[in-house]
Amino acid sequence: MKPLELSCITGVWKTALGILDENMAGIGSDLQLWFPWGGVWRGHDRNGSLPPTDFPDDLAKPGVTRFGGRFWKAFSLNGITWLLSIRAPMSASAGMESWEMPRPAEDSLRMLGDFVRLECLLGLTMKILENQSREHIGHWDRVRNLSVAIGSEMGLSVRELADIELAAMLHDIGKVGLPEELLAMAGPLSAEDRKKVEAHSLIGSAMIREIPGMEMIAEIVLSHHEAIDGSGYPRGLKFAEIPFGSLIIAVADAFDAMTHYRPYAIERTYHESYNEIRRETGKYAPEVLAALERVLRRLGILEAKPLVGTSEDW
Ligand SMILES: [Fe+2]
């Protein structure tokens with residue numbers, strides 16, 4: 001499980017790591033924060049994802065270590081060990097090796113620790129779904145990533161992004177009780193089976209609503225299969241009635257479903273999928289589709305995976 005790469009782009013992480021960076025500036029430069037599961041965050045790179053790196057175990061010992069022109073120090077807070085690394089200034093004296101973490105920096109790491117736990121717990125829950133059927137493997141994680149990317153592209157607030165991120169992770173949690181045979185069914189579903197599958201947004205949202213403070217997330221999950229023309233489910237809401245987060249997750253969900261394995265359809269290229277999704281004008285919000293296009297173009301995804309055949313649209 002690698003929650004870092006995704007959460008790094010949310011405001012929660014940006015805020016906490018920004019505080020950390022600010023408060024460490026007096027000790028050294030080029031702050032890096034290494035995570036127990038192998039990722040690294042570098043203070044000067046505020047734009048998000050970085051490649052996972054092997055955690056240097058030998059540096060995670062008590063006290064400050066000097067290595068490669070940097071100071072390394074492990075901090076254990078609330079059961080999570082973080083390894084901080086800063087470039088030692090030219091004038092670094094022996095005394096500097098005993099530096100302590102400033103209180104606000106420590107608080108920000110504590111907050112991140114709590115958030116990491118929540119993320120991992122939610123991720124663990126989604127593993128149950130992954131074990132149930134192949135189509136769920138990694139789906140929740142990719143939808144989460146893409147939803148946050150679209151939301152950021154649209155300039156949503158940190159709070160909105162955090163809600164969308166959690167809702168995207170959990171959007172299909174209500175499928176957890178469905179029989180495996182039903183999820184793996186290749187042909188069209190009978191009316192009765194369709195009803196059972198469609199109940200997942202209601203069930204998932206009812207499960208999430210039990211958690212204090214997650215009411216908005218429950219609302220977003222409830223409406224992630226609504227369509228702007230009112231043809232969606234479970235309530236047949238129209239555009240203005242659908243929570244904005246649900247509109248974003250609907251697009252990310254559909255795009256991921258098109259580009260990855262499904263028992264009932266062949267996988268398409270990114271380009272084909274994007275062309276198909278934007279033709280469904282009654283289903284998805286135009287501004288969300290426009291943001292999806294900008295994200296895909298910026299990431300080079302459309303260009304990297306050109307259409308098999310030709311497209312008159314591009
Ligand atoms: Fe769903």
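**Exercise 1: A helix pair**

Determine how α4 and α12 pack.

Solution. α4 and α12 pack with their axes 9 Å apart and at an angle of about 105°; axes are lines fitted to C-alpha atoms, for helices over the stretch in contact, and angles run from 0 to 180 degrees between N-to-C directions. Angles of 65 to 115 degrees count as roughly perpendicular, and α4 and α12 are therefore roughly perpendicular to each other. On α4 the contact (C-beta atoms, placed from the backbone, within 7 Å) is made by Ala149, Ile150 and Glu153, and on α12 by Val288, Ala291, Leu292, Arg294 and Val295. Six of the contact residues are nonpolar, none polar and two charged.

The model is predicted: local features need pLDDT of at least 70, side-chain atom pairs count only at pLDDT 80 or more, and totals for chains, interfaces and linings use all residues. Residues are numbered from 1 along each chain as its sequence is written.

**Exercise 2: The cores**

Identify which residues of the largest nonpolar core touch the most other members.

Solution. A nonpolar core joins buried Ala, Val, Leu, Ile, Met, Phe, Trp, Tyr and Cys residues through C-beta atoms within 7 Å, where buried requires 20 or more other C-beta atoms within 10 Å of a residue's own. Among the 43 residues of the largest core, Ile150, Ala167, Ile249, Val251, Ala252, Val288 and Leu292 touch the most other members. α5 gives the most to this core, with eight residues. Setting aside residues up to four places away in sequence, Ala167 touches Ile217, Ile220, Val221, Gly245 and Ile249. A second, separate core has 19 residues, including Trp72 and Leu83.

Methods: A residue is buried if 20 or more other C-beta atoms lie within 10 Å of its own, exposed if 12 or fewer, and partly exposed in between; C-beta atoms are placed from the backbone. Helices (H or I, at least four residues) and strands (E, at least two) are DSSP runs, numbered from the N terminus. Two residues are in contact if their C-beta atoms, placed from the backbone, lie within 7 Å. Angles under 35 degrees count as roughly parallel, over 145 as roughly antiparallel, 65 to 115 as roughly perpendicular and the rest as oblique. Ala, Val, Leu, Ile, Met, Phe, Trp, Tyr, Cys and Pro count as nonpolar, Asp, Glu, Lys and Arg as charged, and the others, Gly among them, as polar.
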